[in-house]
Amino acid sequence: MDVLDVALRLVAVLVAFLTLPLLVGQTEHKVMAHMQGRVGPMYAGGFHGWAQLVADGVKFAQKEDIVPDGADRRVFQLAPAVALIPYLLVLVAIPFAPDGGVGQAVDAGIFFVLAVMGVGVLGSLMGGWASANKFSLLGGLRTGAQLMAYELPMLLAAASVAMAAGTASLTGILDAFEWWWVPWQIIGALVFFTAGLAELQRPPFDAPVADSEIIFGAYTEYTGLRFAFFLLAEYAGIVVLCALTTVLFLGGWHGPFAADLGWVWTLLKTSVLAFVVIWLRVSYPRLREDQIQRVAWTGLVPLALLQIALTGVVKVVIQ
Amino acid sequence: MNLAAAHPGFLSPTGVEIVFVLVGVVTLAAAVITVTTRKLVHAALWLVVALGGIAVEYLLLTAEFIAWVQVLIYVGSVVVLLLFGLMLTRAPIGDSPDADSGNRPVALAVALASAATLVTVVVDAFRTYWIDLDASVQGSTAVTGESLFRHWVLPFEALSVLLLAALVGAIVLSRKDGPRAAGPGPVRDPDATGPAAPAAPDQPDTDTGPGSGTDAEGRR
């Protein structure tokens, strides 16, 4: 692997990081609009308002960057970067095509991905505390409680796949994948996806940013580009979560003509999952804080443990 | 001494060794700031830098598995728990007036003594051990798993039982009054948000209310 190859891979990952979240954002505009019986933004750029997100970006960049008087300046300004950059790092390790179609194969891929995703939540906590605002602090508290509750089932569900494949490397898992893993690991898949939604604070788990209760949670005091970074982190999080679910539970690049069209399968499965994420936002009401905790501790954790037991039994039987 | 003579030596350091020392200096500095800063939340955030620096050191020694687990457990969970606790109780913007306790010299003495002991033991144990970074990776998941489940199974199982006992103990403690007894009294136990929470629907809000009130006062 020479320098040019590494550089090319990193540029490709960067391009994916800059475009895919925007695509998800634009899809969210349109899908939500149509599900609610309206057309959504239609004018910017001409055809179906495709340039609306570009216009939004320009608007964000023009806004004044305000730091509240009582805030802790440095932590406040650092928080959006801490929230955004981990998702860029995670994208590097996600395989999208067979035979080396990955930014950088990581030996303990599952651990790398989950560890770095967990760091991103520190950004919300930092923003929530440093804003010196009651609503921000409440949002930060809820973020912390939610992360601690949902990290465990997410890890357990991922561990089940690692047990099935006999490796913790994401590329290794895809190499070992068989089609019947999908029904075998389906409980784990649901647990992982749900816990991931909660970790991203997407509806119905958006109590940390609940706009009708605590304004916008940890992001209340943010404006302009820094706020845009937090939004971008949310969409990048959707891309990462859907890609990870695809790789771990839906076979990633496996499909007809996988040798040539593997990346198409990865993208296709990822976008279907991203559509489901948007669909859930439109169709489910927000869970209350205690309901969120109850779902995690009395629902997802036992289900994840059940999946691990099932995986272990089947694994021993087929050997 | 004969064994030591066979070492590559320290006089012409490789790039990895230089980076290792630099990251070590950064980690040490972050650790010192963690215990000397007067702002509590800043201390927790500098702890993130220190723990992350240790993870990078593991990576440089090719112990990849341990490095990611370090980030996952310590940065992702322990520090988040720490920040959660700070935000729930008392974390004013700016200096925390009661951050210093009177036993600063004792703490310094204990820290220096334990550091001296650890350095002595580690240097004595691994004086003749040299990791060949270019050869096979010695800290990969496969190697770690093999040594863990082949040579260290008994300690591993003992630790699992210990952790399980702690888990069951936490659940028992948080439910000791029965599911209905969590009434008007102040709930200070963070575990109450766990299994016992469903008994009291509004618990999180009433719980954080007074806490954030004192917090706002602390800021003025």
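Confidence in chain B of this predicted model is lowest in helix α8 (residues 203-219), at a mean pLDDT of 38. It is highest in helix α5 (residues 104-126) of chain B, at 90. Here pLDDT is the predictor's confidence in each residue, from 0 to 100. Helices are DSSP runs (H or I, at least four residues), numbered from the N terminus. The mean pLDDT of chain B is 74, and 70% of its residues reach 70 or more.

Two stretches of chain B stay under 50. Residues 1-5 of chain B have 3 contacts beyond four places in sequence. Residues 181-220 of chain B have 62 such contacts. A contact means that the C-beta atoms of two residues, placed from the backbone, lie within 7 Å. Where pLDDT is low, the predicted coordinates should not be read in detail. The model scores ipTM 0.80 and pTM 0.80.

Residues are numbered from 1 along each chain as its sequence is written, and chains are lettered from A and ligands numbered from 1 in the order in which they are written. In this predicted model, local features need pLDDT of at least 70 and side-chain atom pairs count only at pLDDT 80 or more, while totals for chains, interfaces and linings use all residues.

The contact between the chains takes 35 residues from chain A and 35 residues from chain B. On chain A, α4 (109-130), α5 (134-165) and α12 (289-318) each supply at least two residues. The largest share, 12 residues, comes from α4(A). By class, this side of chain A has 23 nonpolar, 5 polar and 7 charged residues. Nonpolar covers Ala, Val, Leu, Ile, Met, Phe, Trp, Tyr, Cys and Pro; charged covers Asp, Glu, Lys and Arg; the others, Gly among them, are polar.

Two helix pairs follow. Axes are lines fitted to C-alpha atoms, for helices over the stretch in contact, and angles run from 0 to 180 degrees between N-to-C directions.

| Helix pair | Angle | Axis distance |
|---|---|---|
| α2(B), α3(B) | about 160° | 8 Å |
| α4(A), α4(B) | about 25° | 9 Å |

α4(A) and α4(B) are therefore roughly parallel (under 35 degrees). Residues of α4(A) in this pairing include F111(A), L122(A) and W129(A). Among those they meet in α4(B) are F65(B), W68(B) and M87(B). This contact has 19 nonpolar, 2 polar and no charged residues.

Within chain B, α2(B) and α3(B) are therefore roughly antiparallel (over 145 degrees). V16(B), F20(B) and T34(B) are among the α2(B) residues involved. The α3(B) side includes W46(B), E57(B) and L60(B). The classes are 16 nonpolar, 4 polar and 1 charged.

Note on methods
Angles under 35 degrees count as roughly parallel, over 145 as roughly antiparallel, 65 to 115 as roughly perpendicular and the rest as oblique.
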